[in-house]
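Me: I have a structure open and would like to go through it step by step. Could you help me read it?

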Amino acid sequence: LPKFVTFLAKKKRLQALQPVVEEYMSALYESQNIMPVRVKSAQPLTEEQKEAIKEKMKAKLGASDIKLVCQIDPTLIAGL
């Protein structure tokens with residue numbers, strides 16, 4: 001990866017790095033059957049809650065793994 005970033009810099013194409021990384025991650029997730037899931041909660045989730053969400057989403061989506069992206073939003077009253 002460092003060589004690729006250097007290559008982009010030499011070609012004055014660093015602005016292309018983010019779309020390249022996003023496309024790479026998308027292809028990687030698809031090839032490994034990983035689904036990204038975003039969760040918003042009022043307070044930080046415990047490890048047990050995170051694991052429960054992952055297991056439920058695996059069953060629902062039929063994915064081999066779940067990449068859980070947690071966000072804290074204190075403006076939420078309660079729940080996920």
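Me: Let us begin with Lys58. Is it buried, partly exposed or exposed?
Reply: This is a predicted model. In it, Lys58 has a relative accessible area of 24% and is therefore partly exposed.

Me: Which side chain does Lys58 meet in a salt bridge?
Reply: The partner is Glu55, with a distance of 3.6 Å from N to O. Glu55 counts as partly exposed, because its relative accessibility is 44%.

Me: And how far apart are Glu55 and Lys58 along helix α3?
Reply: They are three residues apart in helix α3, so about one helical turn separates them.

Me: How many salt bridges does the structure hold?
Reply: There are two. Glu47 is exposed, at 52% relative accessible area, whereas Lys50 is partly exposed, at 24%.

Me: A new topic: which residues make up the largest nonpolar core?
Reply: It consists of seven residues: Val37, Val39, Leu45, Ile53, Ala63, Ile66 and Leu68. The elements giving two or more residues to this core are β1 (34-41) and β2 (65-72).

Me: Why would such side chains gather inside?
Reply: In soluble globular proteins, nonpolar side chains tend to be buried together.

Me: Which residues form a nonpolar patch on the surface?
Reply: Phe4, Phe7 and Val20 do, and together they have about 240 Å² of accessible area. Phe7 belongs to helix α1, residues 2-10. With 44% relative accessibility, Phe7 counts as partly exposed.

Notes. Residues numbered from 1 in each chain as written. Predicted model: local features only at pLDDT ≥ 70, side-chain atom pairs only at ≥ 80, totals over all residues. Heavy atoms only, no water. Core = buried A, V, L, I, M, F, W, Y, C linked by side-chain atoms within 4.5 Å. Buried < 20%, exposed > 50% of the residue type's maximum accessible area, 1.4 Å probe, protein only. Helix = DSSP H or I, 4+ residues; strand = E, 2+ residues; numbered from the N terminus. Patch = residues over 30% accessible without salt bridge, like charges linked within 9 Å, V, L, I, M, F, W, Y side chains within 5 Å. Areas by Shrake-Rupley, 256 points an atom, 1.4 Å probe, with all protein chains shown as cover. Salt bridge = Lys/Arg side-chain N within 4 Å of Asp/Glu carboxyl O.
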